[in-house]
Amino acid sequence: GLGGGLLRGSQRAFITFLNRTRLDAFSAALHSLQGGEAPTPKEMRAIANYVNVVTGRGGPMGPSNALAGLNSVFFAPRLVASRFQFLIGQPMYGGSARTRVLIAKEYARFLTGTAVLLALGKLAGGDEEMDPRSSDFGKIRFGSTRLDPLAGLSQTTVLLSRLATGETMNLSGDVSAIRGD
């Protein structure tokens, strides 16, 4: 019917917009690559991987049929994978020294921007939780409203922190073990 065609057209337009955004980010990164020499294919792959990871299109996840299975369990498996890849610094693993410097600068910009947002939230009267065991980690709270400037990285950080420490923190600030005695 008419609604299905409209939805498909809207989805195609959104995918086209995201692909164009990724292309623009890739082009900007290529232009800011230091050294003056033309980028190598290895460097271009490293930059493309970085752009894909930060835009929620995580890198290779095994056979393509595995992705179909993950789609039935997760809402967006590539997005979930990209959050873990970003946190562990996977975009800096490949490429060259030039691409690692470029990507490290982008990480620094992201962290600086996040710090500025958290500071502005604090100045505006918001509360912030900085303990990574709390589900409110990295969020700005205004009453019962929460803002997440970490773009989905806080949930991944909380999971990794809870697994590493074996502890969780509730909203009252009480810490308890998650593995029992």
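## Helices and Ser-154

Helices are DSSP runs of H or I with at least four residues, numbered from the N terminus. Ser-154 is found in one of these, helix α6. The model described here is predicted.

Ser-154 has a relative accessible area of 1%, so this residue counts as buried, the cut-off being under 20%. Leaving out residues up to four places away in sequence, Ser-154 touches Phe-137, Lys-139 and Asp-148.

## The largest nonpolar core

The largest nonpolar core is made of 15 residues. Ile-47, Tyr-50, Val-51, Phe-86, Leu-102 and Tyr-107 have the most contacts inside this core. At least two core residues come from each of α1 (2–31), α2 (41–54), α5 (97–123) and α6 (153–165). Helix α2 gives the most, with four residues.

Which residues does Phe-86 contact, leaving aside its neighbours within four places in sequence? Phe-86 is in contact with Val-53, Val-54, Tyr-107, Phe-110 and Leu-153. One of these partners, Tyr-107, is also among the residues with the most contacts inside the core.

## Helix α5

Helix α5 has 27 residues, which should span 39 Å at 1.5 Å a residue. Just after α5, Gly-125 takes a positive phi of about 100°.

The buried residues of α5 are Arg-98, Thr-99, Leu-102, Ile-103, Tyr-107, Thr-114, Leu-118 and Gly-121. An α-helix has 3.6 residues a turn, so residues three or four places apart point the same way.

## The second largest pocket

The second largest pocket has a volume of about 210 Å³. Its lining consists of 14 residues. Those nearest the centre of the pocket are Leu-87, Phe-110, Leu-111, Leu-150 and Leu-153. Helices α4 (77–87), α5 and α6 each give two or more residues to the lining, and the largest share, six residues, comes from α5.

How many of the lining residues are nonpolar, polar and charged? The lining has 11 nonpolar residues, three polar ones and no charged ones. Two of the residues nearest the pocket centre, Phe-110 and Leu-153, are also contacts of Phe-86.

## Gly-35 in a loop

Gly-35 lies in the loop between α1 and α2. Is this residue buried or exposed? Gly-35 is exposed, because its relative accessible area is 61% and the cut-off for exposed is over 50%.

Gly-35 and Arg-98 are 63 residues apart in sequence. In space, the distance between them is 7.5 Å, C-alpha to C-alpha. Arg-98 is one of the buried residues of α5.

Key: Residues numbered from 1 in each chain as written. Predicted model: local features only at pLDDT ≥ 70, side-chain atom pairs only at ≥ 80, totals over all residues. Heavy atoms only, no water. Core = buried A, V, L, I, M, F, W, Y, C linked by side-chain atoms within 4.5 Å. Buried < 20%, exposed > 50% of the residue type's maximum accessible area, 1.4 Å probe, protein only. Contact = heavy atoms within 4.5 Å. 1 Å grid on protein atoms, 1.4 Å probe; cavity = no way out; pocket = protein on both sides within 12 Å on 5 of 7 lines; lining within 4 Å. Points joined across faces, edges and corners; volume = space filled by probe spheres on them. Nonpolar A, V, L, I, M, F, W, Y, C, P; charged D, E, K, R; others polar. Expected span 1.5 Å × (residues − 1).
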